[in-house]
Amino acid sequence: IHFQAEHQSRLLSSMREELKWQVNRETPADKIRDFVDRAKNIQSDIEYHASIQEGNQILGYAIRHSMLLRQLILLLTFAINLLILFYWGADRDDLFTQQPTVNHAWYRTVFLALGS
């Protein structure tokens, strides 16, 4: 598939696969019409992502490295959950208390630093 777009390097493989497998193939005319419509939408998406990346460096970095950011967020979530599981103490007599019993001074600092 050839895309005549200025920012071809920003074409994601998921966009290509979606275009290849989601095109309506009922009749030859429908196939061409649907392909052209989808290609125009993909080209406008590419131009939109390019304008975001060129306009704001932080958003551009987030778009380029979205998989890395997702993995880091998952790791932070896992760390927060482990912190809660191992250091959150509950009063056995009052199981519905909203305040944890924490015996470590560093707990709140680490909990807040991890983004909670």
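**Salt bridges and nonpolar core**

Two salt bridges are counted, a salt bridge being a side-chain nitrogen of Lys or Arg within 4 Å of a carboxyl oxygen of Asp or Glu. The structure is a predicted model, in which local features need pLDDT of at least 70 and side-chain atom pairs count only at pLDDT 80 or more, while totals for chains, interfaces and linings use all residues. Residues are numbered from 1 along each chain as its sequence is written, and side-chain values use heavy atoms, with hydrogens and water left out.

Asp30 is partly exposed, with a relative accessible area of 21%, where buried means under 20%, exposed over 50% and partly exposed in between (1.4 Å probe, protein chains only).

Arg38 forms a salt bridge with Asp34, their closest N and O atoms lying 3.1 Å apart. Both residues belong to helix H2, four residues apart, or about one turn of the helix. Arg38 is partly exposed at 25% relative accessible area, whereas Asp34 is buried at 18%.

The largest nonpolar core comprises six residues, Leu11, Met15, Leu19, Val23, Ile42 and Ile46. Helix H1 (13-22) and helix H2 (28-55) each supply at least two residues of this core. Such a core is a set of buried Ala, Val, Leu, Ile, Met, Phe, Trp, Tyr and Cys residues joined through side-chain atoms within 4.5 Å.
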